[in-house]
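The sequence and the model are shown first.

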Amino acid sequence: MKKWLVISIGIIAVLLILAFSTTNLGTHISNFTEIYADEGLHKDALDIANNDPKVTAYFGTISLKDNLSLLNGDVQYSEDHNKVELTFKFKGSKANGVMDIKAARNAGEWEYKAIILRNKDKKIELVESSKV
């Protein structure tokens, strides 16, 4: 009985190693871990959007839809982790939607290249050149 258990655990371990080494699964997990650790990236983008009259007129005050919004979204870092593209769902007091962020890290601070808020009926593009 112990022999089958050891063989089963060995097979599972090999499959997990193959899954992480032959797919981008490890990279995706690392990216999502980093995006949660660097919470200023999405919080500052939400603040910028909440201070824009076009956004508040259509979506109202916005926030993350729930604690898993970032995990259910998409994140792509550049190899050096100085550029990021992030997409996540948000809830607004008037309408819900999706936020797309493109940002670059300059001297340790994120500089937003684009912040786009959208749903099936509306798309609002914000561009921030200031560092946050």
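## Aromatic cluster and strand pairing

In this predicted model, the charged end of K122 lies over the ring of Y58, at 5.8 Å from the ring centre. Y58 also belongs to a cluster with F59 and F90, linked through ring pairs. The structure contains two aromatic pairs, listed below with their geometry.

| Pair | Centre to centre | Angle between planes | Class |
|---|---|---|---|
| Y58 and F59 | 4.8 Å | 85° | edge-to-face |
| F59 and F90 | 5.1 Å | 80° | edge-to-face |

The pair of F59 and F90 connects distant parts of the chain, 31 residues apart. F59 lies in the loop between helix 4 (53-58) and strand 1 (62-64), while F90 belongs to strand 3 (residues 83-92). Both F59 and F90 are buried; for F59 the relative accessible area is 0%. Y58 is partly exposed, with a relative accessible area of 27%.

The second topic is strand 5 and its partners. Strand 5 (residues 109-118) is largely enclosed by the rest of the structure, because seven of its ten residues are buried. Strand 4 (residues 97-106) runs antiparallel to strand 5 and is joined to it by nine bridges. Within this pairing, N106 stands opposite E109 of strand 5. The hairpin of strand 4 and strand 5 has two residues between the strands, and A107 adopts a positive phi near 55° there.

Strand 5 is also joined to strand 6 (residues 123-126), again in antiparallel orientation, by four bridges. Here I115 faces L126 of strand 6. The hairpin from strand 5 to strand 6 passes through four residues.

Terms used. Residues numbered from 1 in each chain as written. Predicted model: local features only at pLDDT ≥ 70, side-chain atom pairs only at ≥ 80, totals over all residues. Heavy atoms only, no water. Buried < 20%, exposed > 50% of the residue type's maximum accessible area, 1.4 Å probe, protein only. Pairing = 2+ DSSP bridges. Phe/Tyr/Trp six-rings, centres within 6.5 Å; stacked < 30°, edge-to-face > 60°. Lys NZ or Arg CZ within 6 Å of the ring centre and 35° of its normal.
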